[in-house]
Amino acid sequence: MPSGIRMRDGRRLAFEEWGDPGGTPVVLLHGTPGCRLGAVPHGMIEARPGVRFIAYDRPGYGDSDRGPGRRVAQAARDVAALADALGLGRFAVLGRSGGAPHALACAALLPTRVRRAAAMVSLAPPAAEGLNWFEGMAESSVEEYTRALTDPVDFAERLAARAAAIRADPAQLLVSIRDGLTDSDRRIISTPAMSDMLLRNYREALRTSAYGWLDDSLALLSHWGFDPARITRPVLLWHGAEDAFSPVSHFEWLARHIPRARPVLDPKGGHFSALEALPDVLDWLCATPRADT
């Protein structure tokens, strides 16, 4: 069973730690849907003995209680509470896919705590000026987000049915998004280590309900509760140019609007290519140049 802390509003927030208890702390923010088990493959954790990895289940996922109506910005409050409970001063944050906007929230709203942030294959805010939000996005994602915006009750019912099917067979999630998978995505998710991590991640994320998935989707489609242009911490933006779940135009928008962004684009990468890029991103996060102090 994961550890947990009790939030001021009474919610339980579940988390796990791996690596060196005295190492450089990195807080991991999982994808959508996801949980603490799907942030970083354990092989990469074992290869970094000087890092303390901390991952938590966002509200409604895994063993964390639901927080209905939450915004992306709430991640900063949850991460700050978790850091306080663990006695952390400053730390880095890493978010991939649906976790990336939540990592940006931490960078924006916890400037005295967050050393560096990495946002991998991130979406841009839904009201991003000058961005056609759906352009270049896989049809399955467009249909899902459109339904969430136009008929949230039907969206919630469909998501609950999908979650039940995924609990029985987690591979069903990957089947349902196959229209957006690139050749590199298929190669990556078919490797035993990645496949095992993803399937365990989806099963645990949706073990009790689809509420985390529902609330994540609605939060990503609503005002995030912060302005990325106000981020003052160094941010590494990593993206695959062929990503059909988070189109490259979202990456380009974020790179233009985050003042200290370091954009890294893989011209042949897809959405799941971020998993292969994690070692280099972690190296950057754990570096301690004078400019970050």
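Is V121 buried or exposed? I looked up V121 first: its relative accessibility is 0%, so V121 counts as buried. Buried here is under 20% relative accessible area, exposed is over 50%, and partly exposed is in between, with a 1.4 Å probe and protein chains only.

**Ground rules.** I am reading a predicted model, where local features need pLDDT of at least 70, side-chain atom pairs count only at pLDDT 80 or more, and totals for chains, interfaces and linings use all residues. Residues are numbered from 1 along each chain as its sequence is written, and side-chain values use heavy atoms, with hydrogens and water left out. Helices (H or I, at least four residues) and strands (E, at least two) are DSSP runs, numbered from the N terminus.

Entry: I stayed with V121. It sits in the loop between β6 (114-120) and α4. S97 belongs to the loop between β5 and α3. S97 counts as buried because its relative accessibility is 15%. I noted the background: most residues other than glycine have a negative phi, and most peptide bonds are trans. Next I looked at the bond between T32 and P33. It is a cis peptide bond, with omega about -10°. P33 is in the loop between β3 and α1 (42-46).

**Entry: R58.** I found R58 in the loop between β4 (51-56) and α2 (74-85). R58 counts as buried, because its relative accessibility is 1%. Its side chain reaches the backbone oxygen of G31 at 3.3 Å. Its side chain also makes a polar contact of 3.4 Å with the side chain of T32. A polar contact is a pair of N or O atoms within 3.5 Å; within protein, one must be able to donate a hydrogen and the other to accept it, and residues adjacent in sequence count only if both atoms are side-chain atoms. I then listed contacts (heavy atoms within 4.5 Å). Leaving aside neighbours within four places in sequence, those of R58 include S64, R70, H102 and D216.

**Entry: H102.** I followed that list to H102, in helix α3. H102 counts as buried, because its relative accessibility is 1%. A polar atom of its side chain lies 2.8 Å from the backbone oxygen of G98. Beyond four places in sequence, H102 is in contact with R58, R70 and D216, among others. How many residues of α3 are buried? I counted 9 of its 10 residues.

**Entry: α2.** I checked its span. It has 12 residues and reaches 17 Å from first C-alpha to last, close to the 16 Å expected at 1.5 Å a residue. The expected span is 1.5 Å times one less than the number of residues. Buried residues of α2 include Q74, D78 and L82. The buried residues pack against β1 (3-6), β2 (12-19), β3 (24-29), β4, β5 (91-96) and α3 (100-109). Just after α2, G87 takes a positive phi of about 75°.

**Entry: the core.** I looked up the largest nonpolar core, which has 103 residues. Such a core is a set of buried Ala, Val, Leu, Ile, Met, Phe, Trp, Tyr and Cys residues joined through side-chain atoms within 4.5 Å. Y56, F91, V93, L94 and F272 touch the most other members. Helix α11 (residues 273-286) gives the most to this core, with 9 residues. F272 touches L174, I177 and Y202, among others, not counting residues up to four places away in sequence.

**Entry: helix pairs.** I used axes that are lines fitted to C-alpha atoms, for helices over the stretch in contact, with angles from 0 to 180 degrees between N-to-C directions. Under 35 degrees counts as roughly parallel, over 145 as roughly antiparallel, 65 to 115 as roughly perpendicular and the rest as oblique.

- The axes of α4 (residues 139-150) and α5 (residues 152-168) come within 6 Å and cross at roughly 135°. That makes α4 oblique to α5.
- α7 (residues 183-190) and α11 pack at about 70°, axes 8 Å apart. They are therefore roughly perpendicular. S184, D185, R187 and I188 of α7 meet S273, L275 and E276 of α11.
- α4 and α9 (residues 211-221) pack at about 85°, axes 10 Å apart. That makes α4 roughly perpendicular to α9.
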